[in-house]
Amino acid sequence: MQPRNMSMSGVVDLAAVKAAGEAKAKAEQARAQAARQGGPAAVAPSALVIDVDEAGFERDVLQRSAEVPVVIDFWAEWCEPCKQLGPLLERLAVEYNGRFLLAKIDVDANQMLMQQFGIQGIPAVFAVVAGQALPLFQGAAPEAQIRETLDQLIQVGEERFGLTGIAVDPNAAADDAPAASAAPAGPYDALLEAAMSALDAGDLAGAVQAYKNVLADDPGHPEAKLGLAQAELLARVQDMDPQQVRKNAADNPADVTAQIAAADLDLVGGHVEDAFGRLVEAVRRTAGEDRDAARLRLLELFEVIGPDDPRVTTARQALARVLF
């Protein structure tokens, strides 16, 4: 697929990861503070290409996008076109000398991010500029067209948001990247890190407990709420037989338990509207405890996607219609 001309109307909602506006404000404060201290230090060319995961997405992508356009390369080890596109993007990141930052996201290890961006196939390339995500292109496009798209991206960053990029020191070592770029440790950082470590180790119960520990002290903590909803969803589907779950749901449309299980699988597979629609229909069909069970699971899945996602807004309206 050829790169598409960027449009601000192509913005992807990132509320389920964290409010982009909040991230932008934090990054702007950090830039102002760095300016008062003499400006940010130059980075090594190797620091222009970074690996990003769900835990570091806000810091490494959303916040950095307030100082430099961040190009995101969604890839996977098994993807042959990714092996052609990835090295090309990495070379261009160094060649453009700080005019954009390349963030590489392994979709196999970060499926929630893949779902949030609505990725249908890889390689897929997006950009985040001042907290807003723009679709660039999908597939291994020719270098000339990629350069044209990058030039448009940089122009948008400069003209609309005043993003001038980051300084690069060709003589700097990779370890010379400024330590000040890391956010100060917060009161729950250790618990959140423990949760992510548990997820990486496949200890979903441990991750759930770590997030609950944060929420016990701060019930409204957005990252912990999102993390808990995601971890509980993954725990529920971990031992499912997808084929059997879907057969049960198809054979027993009035069985709320079967529909709830299938909705969980729908969401994990990225079929957000299908998951929501299935549960709205279950609420419409049922009454009493069954209706409550379907409604509560739907509300839990809203938490996974994020309250500001337009798909959640649409599903909430549909739920209200069948309830009232």
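This is a predicted model: local features need pLDDT of at least 70, side-chain atom pairs count only at pLDDT 80 or more; totals for chains, interfaces and linings use all residues.
A disulfide is a pair of cysteine sulfur atoms within 2.5 Å. The structure holds one disulfide. Its partners are Cys 79 and Cys 82, whose sulfur atoms lie 2.4 Å apart, and this value falls inside the cut-off of 2.5 Å. The torsion about the S-S bond of Cys 79 and Cys 82 comes to about 85°, so the disulfide is right-handed. Cys 79 and Cys 82 are both buried.

A helix pair comes next. Helix 11 covers residues 272-285 and helix 12 covers residues 288-305; the two pack at an angle of about 160°, and their axes are 8 Å apart. Helix 11 is therefore roughly antiparallel to helix 12, because angles over 145 degrees count as roughly antiparallel. The crossing of these two helices, helix 11 and helix 12, is left-handed. By class, 12 nonpolar and four charged residues make up the contact of helix 11 with helix 12, with no polar residues. On the side of helix 11, the residues taking part include Val 272, Phe 276, Leu 279, Val 283 and Arg 284. Helix 12 contributes, among others, Arg 291, Ala 294, Leu 298, Phe 302 and Ile 305.

A cis peptide bond joins Ile 122 and Pro 123, with omega at about 0°. Pro 123 sits in the loop between helix 4 (111-116) and strand 4 (124-129).

Two further residues deserve a look for their phi angles. Asn 97 is not a glycine, yet its phi is positive, at about 55°. Asn 97 lies in the loop that runs between helix 3 (80-95) and strand 3 (101-106). With a relative accessible area of 44%, Asn 97 is partly exposed. Ala 130, also a residue other than glycine, has a positive phi near 50°. The loop between strand 4 and strand 5 (132-138) is where Ala 130 is found. Is Ala 130 buried or exposed? Its relative accessibility is 8%, so Ala 130 counts as buried, since the cut-off for that class is under 20%.

Conventions
Residues are numbered from 1 along each chain as its sequence is written. Side-chain values use heavy atoms; hydrogens and water are left out. Buried means under 20% relative accessible area, exposed over 50%, partly exposed in between (1.4 Å probe, protein chains only). Axes are lines fitted to C-alpha atoms, for helices over the stretch in contact, and angles run from 0 to 180 degrees between N-to-C directions. Helices (H or I, at least four residues) and strands (E, at least two) are DSSP runs, numbered from the N terminus. Angles under 35 degrees count as roughly parallel, over 145 as roughly antiparallel, 65 to 115 as roughly perpendicular and the rest as oblique. A crossing is left-handed if the near helix is turned anticlockwise from the far one by less than a right angle, and right-handed if clockwise. Contact means heavy atoms within 4.5 Å. Ala, Val, Leu, Ile, Met, Phe, Trp, Tyr, Cys and Pro count as nonpolar, Asp, Glu, Lys and Arg as charged, and the others, Gly among them, as polar.
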